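Reader: I have a protein model open and would like to learn how to read it. Please take me through some features one at a time.

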Amino acid sequence: MAIFDAMASNPMLLMVFVTVLGLLVGSFLNVVALRLPQMMEAAWKRDSRSLLELPADENAKVISLTSPPSSCASCGGRIRAWHNVPVVSWILLRGRCAYCSAAISPQYPLVEFVCGVMSAVCVWRFGWSPQLAAALVLSWALLVLTVIDLREHLLPDDITLPLMWLGLVLSIFEIFTNAHSSIAGAAFGYLSLWLIYHAFRLATGKEGMGYGDFKLLAALGAWFGAASLPMILLLSSVVGAAVGIVLIVFRGRERGSAIAFGPYLAGAGWITLIWGSAIGRLMLPH
Ligand SMILES: [Zn+2]
């Protein structure tokens, strides 16, 4: 296709195209982050009622990623296409609903902006290559997992498990690592957090993370291989410690209060994606 040929030969065009694509995907990720947990809750309720042999709830709202159409949470006004231009609409509307002027969370433009920036960084790092396509998918998945975990303390299997399978499949083509190291990475990724979780629970009686975290590290292990796991765990604790200190300083958050671990793992996974080989060279000089 002509457009692909043009992007392959013109880095600037590629950068602009992928950044705009990233902004649009960010807008979609907002929808996923809002609705996927609601869809999961509705499914749990349906399953529980059927398990208890209760009749199905006739009034249960049917919700999917595409229906009902997006509307204002305050007044129910339909969100039109021009209200939905990533970042720009929020600024033009000054963060308020076009109908009722209720405040719209800055989360929406922030996720769009971050998604655009992450996508642009992937172009800068990988250029026109198979790695770029894979890196974009991983970046978007890690971003939406972060938003969902921050909001709901939840890492949906619907995202973590396909992400792991995709990492395993990509290893056949040696996109980031080979199949041998990918399979070992998935297994040891899951197992290492599982062990830390049970050791932590035995030692303190508290649960420091959830099974979603194990699956996310399994996915990252599948993408980058078993050898990357120590670096990912180290990076996630560095990111976690940095964020924790900032929170304690600015919010006086009490130590030991629950902070979702998923965002740190996702952050470490993304740093590994972009700078992993550079960090690896620093840690293991040849
Ligand atoms: Zn409204």
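Reader: How many aromatic pairs does the rule count here?

Author: This is a predicted model. Two rings count as a pair if their centres lie within 6.5 Å. By that rule the count comes to 10 aromatic pairs. One of them joins Phe4 and Trp128, with 6.0 Å from centre to centre and 40 degrees between the planes.

Reader: What does the angle tell me about Phe4 and Trp128?

Author: Planes under 30 degrees apart count as stacked and those over 60 as edge-to-face, the rest being tilted. The pair of Phe4 and Trp128 is therefore tilted, at 40 degrees.

Reader: Where in the chain do Phe4 and Trp128 sit?

Author: Phe4 belongs to helix α1 (residues 2–9), while Trp128 is in the loop between α4 and α5 (130–152). The two are 124 residues apart, and the pair links distant parts of the chain.

Reader: Which domains does the assignment give?

Author: Domain 1 covers 1–126 and domain 2 covers 129–286. Their centres, taken over C-alpha atoms, are separated by 23 Å. Domain 1 brings 25 residues to the contact, and domain 2 brings 23 residues.

Reader: How much area do domain 1 and domain 2 bury between them?

Author: The size of an interface is often given as the accessible area lost when the parts come together. Here domain 1 and domain 2 bury about 2,100 Å², with 81% of it on carbon and sulfur atoms. On the side of domain 1, the residues that lose the most area to domain 2 are Met118, Cys122 and Phe126, which together make up 28% of what that side buries.

Reader: Which helices supply the side of domain 1 that touches domain 2?

Author: Both α2 (11–51) and α4 (107–126) supply at least two residues each. The largest share, 13 residues, comes from α2. Sorted by class, this side of domain 1 has 21 nonpolar, 3 polar and 1 charged residues.

Reader: How many salt bridges does the structure hold?

Author: The structure holds 2 salt bridges. Among them is the one between Glu41 and Lys45, whose closest N and O atoms are 3.3 Å apart. Glu41 and Lys45 are separated by about one helical turn, because they are 4 residues apart in helix α2.

Conventions. Residues numbered from 1 in each chain as written. Predicted model: local features only at pLDDT ≥ 70, side-chain atom pairs only at ≥ 80, totals over all residues. Heavy atoms only, no water. Domains from an automatic or database assignment. Contact = heavy atoms within 4.5 Å. Buried area = accessible area lost by both parts, 1.4 Å probe. Nonpolar A, V, L, I, M, F, W, Y, C, P; charged D, E, K, R; others polar. Salt bridge = Lys/Arg side-chain N within 4 Å of Asp/Glu carboxyl O.
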